[in-house]
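Here are a few notes to read alongside the model.

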Amino acid sequence: MSGFGRSIVVGGCGAVGGMFADLLREAGSQTLVVDIAPPPEERTSCLVADITAPGPELSAAVAGADLVVLAVHEAVALKAVAPVTRLMRPGALLADTLSVRTAMAEELATRAPGIEHVGLNPMFAPAAGMAGRPVAAVITRDGPGVTALLRLIERRNGRPVRLTAEEHDRTAATTQALTHAVIVSFGLALARLGVDVRTLTATAPPPHLTLLTLLARVLGGSADVYGDIQRSNPHAATARRALADALRAFDSLIGDADGDGLGDSDGGHRRVEGLDAAFGELRRLMSPELGPYQDRCHELFRTIHHTNDEGETDR
C-alpha cells in the first residue's frame with residue numbers, strides 16, 4: 001500500500017498529473033482525478049471542477065483525502081493554496097509539480113505554514129517513464145506523508161533528488177531554461193541560414209544529428225510550456241544572457257577569417273592559445289565526469305547514427 005488511502009490529483013488529465021495518478025492507483029490508493037477542462041473522452045472518469053473555488057463535492061473530497069497533488073500551472077497552484085489547505089485534514093500531505101519553487105515556498109509560508117508539503121518536479125517528459133530518472137524534491141514541511149510519497153517514487157525506480165527551493169530554481173535555470181534556449185537557438189540559426197534539412201540529415205556527423213534530434217523533440221512539445229519555463233524561473237534570464245555572452249566570447253576566440261587578424265601569425269597564435277585555455281577551463285569544469293560522459297556520448301552516437309561508417313570520426 002502507498003500509505004495514501006484516498007488521494008486527489010488536480011490536473012490529472014495532463015501528462016504529469018496522469019503519471020502521478022497512475023503511480024498512486026498502482027500503489028492501491030483510491031485516486032480522484034480533478035480537472036477543469038478534461039478531454040471529452042475523459043470527462044466520465046474525472047471530476048470537472050475548479051480547485052481555486054471548490055464546490056461541495058470537491059470540498060468534501062479534499063477534506064477526506066490523505067494526499068492532494070496540484071499538477072497545474074503555477075498561477076492556479078498558488079491561488080489554490082489557501083482554499084485547499086483550509087479544507088485539508090490534519091496530517092494530510094499537499095504536493096505540487098511546479099517547475100519553479102520559490103513562489104510556492106513563499107505562499108505556503110504565508111498561507112499554510114503548518115501543512116506538510118513537498119514539491120516534485122519530474123526532470124523528464126512523462127512519456128519517457130520514471131524508471132532511473134530524477135525527480136527534484138523540494139520539502140517545505142517534512143513529515144510521514146513526504147517520506148511515504150518519496151518512497152513510492154523510489155519503488156517506481158524514480159530518483160528523488162532533495163533540493164532547497166532556491167537550489168531548485170537556480171539548477172532548473174541551467175538544466176531546463178538554458179538547455180531549451182540552446183536547442184531552440186540552434187533551430188533559429190538553421191532557419192536563418194536557409195539550409196535544407198534533408199541535405200543536412202544526409203551529410204551530418206553525429207553531433208549535428210544529435211542536435212537535430214533534440215530540436216525535433218522540443219518541437220513535439222508545447223511552445224507555451226517551454227515559454228512558461230523561461231518566463232517563470234527568476235534565474236532563466238541570467239542563464240540566457242550567459243549563453244549569449246558565451247557565444248560572443250567564442251566568436252572572439254575564433255576571429256574573422258575575412259580580416260580579423262587570422263592572417264597574422266601572432267594574432268592567429270593568440271587565438272589558438274585562447275581557445276586552448278577555454279578548452280582547459282571546460283575540461284576542469286567537467287572533471288571528474290569528463291571520462292564517463294565521453295563514454296556516454298560514444299554510446300549515444302552509436303545509437304543515433306547507426307549507419308555510421310567504421311572509419312568515420314565523431315567531429
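1. Let's start with Thr97, which lies in the loop between strand S5 (93–96) and helix H4. Helices here are DSSP runs of H or I with at least four residues, strands are E runs of at least two, and both are numbered from the N terminus. Thr97 has 12% relative accessibility and therefore counts as buried (under 20% relative accessible area, with a 1.4 Å probe and protein chains only). Beyond its neighbours within four places in sequence, Thr97 contacts Val16, Phe20, Val69, Leu70, Ala71, Val72 and Leu120 (heavy atoms within 4.5 Å).

2. A word on provenance: this is a predicted model, where local features need pLDDT of at least 70 and side-chain atom pairs count only at pLDDT 80 or more, while totals for chains, interfaces and linings use all residues. Residues are numbered from 1 along each chain as its sequence is written, and side-chain values use heavy atoms, leaving out hydrogens and water.

3. Next, the helix pair: the axes of H3 (residues 74–87) and H4 (residues 102–111) come within 9 Å and cross at roughly 10°. H3 and H4 are therefore roughly parallel to each other (angles under 35 degrees). H3 contributes Glu74, Ala77, Leu78, Val81 and Ala82 to the contact, and H4 contributes Ala103, Met104, Glu107, Leu108 and Arg111.

4. Finally, the whole chain: the protein chain has 12 helices and eight strands. Of its 315 residues, 38% count as buried. Its C-alpha atoms fill a box of roughly 80 × 40 × 35 Å along the principal axes.

Note on methods: Axes fitted to C-alpha atoms, helices over the stretch in contact; angles between N-to-C directions. Parallel < 35°, antiparallel > 145°, perpendicular 65-115°, else oblique. Buried < 20%, exposed > 50% of the residue type's maximum accessible area, 1.4 Å probe, protein only.
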